[in-house]
Amino acid sequence: MRRLRQLAERTPAGRERYVDLLRAVAICMVVAGHWGVTVIGRDAAGRPTGHSALGDLPWAYPLTWVGQVLPVFFLVGGFANAASLTANRARGGDATGWLLARSARLVPPTTVLLLVLAAGAGGAYLWGAGEARIRTVVWFATIPLWFLVPYLAAVALTPPMHALHRRFGLAVPVALVGVVALGDVGRLAGPAPLAYGSYLTGWLAVHQAGFAWYDAHAAADGLRGGGAADGRHPLPTSRPAAVALLAGGLGALLLLTAVGPYPVAMLHVPGERLDNASPPSLALLALATAQLGLILLLRGPAEWWLRRPGPWQAVIAVNSVVLTAFLWHLTAALLLVGALDALGRLPTPAAGTAAWLAWRVPWLLLLAVVLAGLVAVFGPVEARAGRRRRAGEGARHRPARAGLVVAGYAAVIAGLLVNTVAPKTAPEPLGLPAPALVAYLAGAGLLRGLRSGWGSRG
């Protein structure tokens with residue numbers, strides 16, 4: 001508590017605390033949402049299985065408009081990355097140093113998860129567990145990693161994309177939305193490969209909006225001088241503009257789903273004609289627009305509330321381990337299911353039944369306890385990584401190292417991507433595809449070495 005008070009007292013006056021609150025709320029909603037829609041059953045051999053309840057609950061599809069908060073995370077990520085990159089340059093740093101510092105917060109907690117899962121899978125294999133079963137369990141535990149693929153790509157692309165923002169402003173996300181629209185045409189009418197680019201451009205469009213929001217914050221707080229000529233392209237944040245974004249986004253979303261060809265659900269539902277979230281569709285970007293409008297409308301009351309010591313300290317505490325909680329929340333579910341099954345106390349009610357709904361409350365409470373234990377064990381890795389990241393910002397690095405940094409990011413992203421697309425029943429003794437594990441660890445090791453000063457001769 002003392003450290004939290006100290007961190008709260010040292011918060012810069014110009015910090016947009018609301019962004020930290022949104023990040024914490026978004027991740028907590030993702031965690032609670034994944035847990036809440038989980039259905040536990042049994043396979044033909046009597047072993048526990050799990051799947052999403054959404055396919056069995058059509059009445060819940062409109063609720064996904066509230067539960068789909070990944071656009072919020074990319075929005076606040078764009079804001080935070082623009083703020084961090086701008087501050088880094090003001091201290092004399094360069095893009096290479098900024099990317100290295102950013103990787104210090106994102107990569108180490110992810111590395112720990114993968115190493116622990118691989119070690120556990122290897123032990124299970126030696127114990128005699130089937131390779132396909134091992135892969136299925138690890139596949140479920142690593143579902144959160146798909147999100148890191150586009151987010152790490154957005155981080156790696158922040159320096160050039162921020163430069164484009166400074167040059168062209170909101171025209172950049174508009175162009176990216178056009179690519180998404182073309183991809184949707186490919187998914188709905190063919191050829192389907194036209195949609196491949198949307199996996200990145202859809203999230204980048206939201207990330208770019210975060211740049212514009214940061215410019216509005218910087219202009220309002222007098223953090224930067226000048227006008228559009230110095231590269232500032234602020235997002236309109238007045239109340240009328242926020243209402244227009246909210247109403248326009250909701251109106252477009254209703255037209256696209258009620259009249260147009262897009263599913264109502266903003267999360268994956270097996271059997272739907274397309275998945276609004278993977279890759280992002282125009283319907284999801286309409287939802288993101290509405291969410292942006294609502295966020296702007298709530299900013300004033302939220303900022304007032306966050307000026308109080310208690311709420312702000314709570315936000316700091318959550319953000320210090322927010323990635324750890326996100327990465328381990330499905331592992332917590334696996335551990336709880338395994339423990340209850342071993343004790344013969346695992347309920348398996350059908351989705352949507354009264355028993356299933358009643359089980360949600362103790363289910364969520366038990367999962368929160370298990371996750372709290374995992375965060376207590378692995379959270380310090382993220383907290384230490386955050387301090388190292390802040391210490392590394394502002395440094396300058398020789399140009400030749402930029403290629404190595406890019407290679408490190410590319411290997412990490414490639415490793416996570418290979419694991420994401422690999423079949424969930426593939427025979428993998430370590431639970432993870434060997435190429436994925438090798439690529440990821442090579443990239444993570446390279447970034448760690450660069451942060452430690454290896455290859456300082458360029």
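In this predicted model, helix α10 crosses helix α12 in a right-handed sense. The two elements comprise residues 198-221 for α10 and residues 282-306 for α12, and they pack with their axes 11 Å apart at an angle of about 20°. Because angles under 35 degrees count as roughly parallel, α10 is described as roughly parallel to α12.

On the side of α10, the contact is made by G202, W203, V206, W213 and H217. Helix α12 contributes L284, L285, A288, I295, L296 and R299. Classified by residue type, this contact of α10 with α12 consists of eight nonpolar, two polar and one charged residues.

Helix α12 also contains L297. Leaving aside residues up to four places away in sequence, L297 touches R239, A242, V243 and L246. The C-alpha atom of L297 lies 9.3 Å from that of A241, although 56 residues separate L297 and A241 along the chain.

**Aromatic pairs**

The structure holds twelve aromatic pairs. A pair of aromatic rings is described by the distance of the centres and the angle of the planes. Two of these pairs are set out in the table.

| Pair | Distance of centres | Angle of planes | Class |
|---|---|---|---|
| F73 and Y151 | 5.4 Å | 70° | edge-to-face |
| F74 and F147 | 5.6 Å | 75° | edge-to-face |

For F73 and Y151, the planes stand at 70°, so the pair is edge-to-face, given that the class requires an angle over 60 degrees.

Since F74 lies in helix α4 and F147 in helix α7, the pair ties together parts that are 73 residues apart in sequence. F74 is buried at 0% relative accessibility, and F147 is buried at 2%.

Which residues form one aromatic cluster? The members are F73, F74, F147, Y151, W203 and F326. Of these, W203 also takes part in the contact of α10 with α12.

Note on methods:
Residues numbered from 1 in each chain as written. Predicted model: local features only at pLDDT ≥ 70, side-chain atom pairs only at ≥ 80, totals over all residues. Heavy atoms only, no water. Axes fitted to C-alpha atoms, helices over the stretch in contact; angles between N-to-C directions. Helix = DSSP H or I, 4+ residues; strand = E, 2+ residues; numbered from the N terminus. Parallel < 35°, antiparallel > 145°, perpendicular 65-115°, else oblique. Left-handed = near helix turned anticlockwise from the far one by under 90°. Contact = heavy atoms within 4.5 Å. Nonpolar A, V, L, I, M, F, W, Y, C, P; charged D, E, K, R; others polar. Phe/Tyr/Trp six-rings, centres within 6.5 Å; stacked < 30°, edge-to-face > 60°. Buried < 20%, exposed > 50% of the residue type's maximum accessible area, 1.4 Å probe, protein only.
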